[in-house]
Amino acid sequence: MVSIGRRQRRIWNCSKCCENFDTSKKLRQHRQCHRKNESDIQYNYRLDEKRQIYCCLTCDVETDGKLEMETHVLDHEEKYTCSVCGEAFVRPYEYSCHLYGHDQSKGFCCPFCKYKTPRRTAIIIHINTFHLRKFIYNCAQCGKGFNDCLLFKEHSNVHEGKRPFRCVVCNKDFAFSSYLTSHQVRYHRVTIDGVLGKNQCHVCLRNFARNTTLENHLKIHDKKKVHEKRHLCDICGKSFAQIDKWRVHYRVHTGVKPYTCSYCAKSFTKRDYLIMHERVHSGEKPYSCKHCGKCFNQGAPLRLHVRSHTGERPYLCNLCHTGFISRSVLNLHQKHCSGIESK
């Protein structure tokens, strides 16, 4: 006799590698291997399971024991000293956790930049991703690294040309789910006339997906802060309203280029320049033409390409009044322009 209404057994899924288990105990045991790998990535060395030796990620030193390797990696690490108690730390993550113990109201602070977060796991991902450039997942096609499992899985949509996340309001599609969420919050959030919505600018009524983005946007409307350029370069005399822009400008004089390409030896003064450069190596082209589907690795070439479809010629010659799609093409034309309007 077959029992009716038999309860279906639950399947337990691993969020890291998507393996399935029939009990929660097996899943907990499986997670230990991920914690082990994450620990190795965090501490500048890894365990070669085939040869059973520890390998330094900074140089070519290999040791049989874990304690020897932990002692060796200290030679490569910069020490961080607490200004409150004077205790020194080698690993930036442990230093951040130590500062959190002194003052929990500030959250976990990054020792390299101004980033703050109330979550312990978020500070680990931030330090490994943006400063140490150590990743748990790597794309097999372009080599790009990720510390977020969801972003790693959705990254394959870029190579396959898929945009599976579609807005139900305007039918615009996206390759990443986070892009869809930001789009819907920014353009399709329902508001009441006369009532200021959540994360909405009170000056221009523009909506933002994050509160931090709104705070940065409000600084644009603060005329005193915008026009008052208090940060002066002591070498060339150029002034800046924001200290971050002053720091980037100062690297032009000092020659400091803190952002190094993971594929070649080139370095850059801004992180944005590094991201655009690495697309040359990885072949990633996230900007696609909506008219013909041609892809580009930067936004500026895409804008010029779209004008070939729309017929837009915003740059006019003051002699023959002929239009061109870019200023560089206009400059070449003006060198040989006779003043006769072309038909």
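Student: What is the strand order in the open sheet of 3 strands?

Tutor: This is a predicted model, where local features need pLDDT of at least 70, side-chain atom pairs count only at pLDDT 80 or more, and totals for chains, interfaces and linings use all residues. Residues are numbered from 1 along each chain as its sequence is written, and side-chain values use heavy atoms, leaving out hydrogens and water. Strands here are DSSP runs of E with at least two residues, helices are runs of H or I with at least four, and both are numbered from the N terminus; two strands pair if DSSP finds at least two bridges between them. The pairing is antiparallel, and the order reads S3-S4-S5.

Student: Which strands sit at the edges?

Tutor: Look for strands that pair on one side only. Those are S3 (45-48) and S5 (62-63).

Student: Which residue in S5 is the bridge partner of Tyr 54?

Tutor: S4 covers residues 53-56 and pairs with S5 over 2 bridges, in the antiparallel sense. Tyr 54's partner in S5 is Thr 63.

Student: Which strands does helix H2 touch?

Tutor: H2 spans residues 66-73 and packs on the sheet. Contact means heavy atoms within 4.5 Å. The strands touched by H2 are S3, S4 and S5.

Definitions and conventions:
Axes are lines fitted to C-alpha atoms, for helices over the stretch in contact, and angles run from 0 to 180 degrees between N-to-C directions.
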